[in-house]
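Please look over the sequence and the structure below.

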Amino acid sequence: MASETFSIGDALGSAQDQAIRLCRSYLSHRGWKVEDKLWESMEVGPVIVAEDDGETVLIDVRTAEAEGSEAVPELHISEHDIRTMRRVCLSYLLEHEDADSIRHDVCAVSVVGERHAKIRHLVSIVRWDGTC
């Protein structure tokens, strides 16, 4: 799990909008190719779609806004969450037949001050590489 701190600057919008923008910036900073448009999942809502070393990655962004504290969104991943993420990956693959492999990550973004946030990145909660 990666953990980094980023500056929010003068970001406008809801905490979730800010978290998505910060997560996109974080992923781009790490060299990932991040799609401009979010993919809408009926099960988990909008997710970021990115590419990491040729692998399609869906990223669920969770957020907590607790100015002046170290609060972090819940990162407990239940069996139900894993089953849901599998279905989301399969739904994406049905719509995007060009993907050879896919995984589902979670980024937790916590706004900890007026101009700072922390990001925790759980990598590869679910992965499918095209083999059975």
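Val109 counts as buried because its relative accessibility is 0% (buried means under 20% relative accessible area, exposed over 50%, partly exposed in between, with a 1.4 Å probe and protein chains only). The model is predicted: local features need pLDDT of at least 70, side-chain atom pairs count only at pLDDT 80 or more, and totals for chains, interfaces and linings use all residues. Residues are numbered from 1 along each chain as its sequence is written, and side-chain values use heavy atoms, with hydrogens and water left out.

Val109 lies in strand β6, residues 102-111 (helices, H or I of at least four residues, and strands, E of at least two, are DSSP runs numbered from the N terminus).

A hairpin of four residues leads from β6 to β7. The two strands, β7 being residues 116-128, pair in the antiparallel sense over nine bridges (pairing needs at least two bridges found by DSSP). Within this pair, Val106 stands opposite Leu122 in β7.

Helix α1 covers residues 15-29, and its 15 residues should span 21 Å at 1.5 Å a residue; the end C-alpha atoms are 21 Å apart, which agrees (the expected span is 1.5 Å times one less than the number of residues). Just after α1, Gly31 has a positive phi of about 95°.
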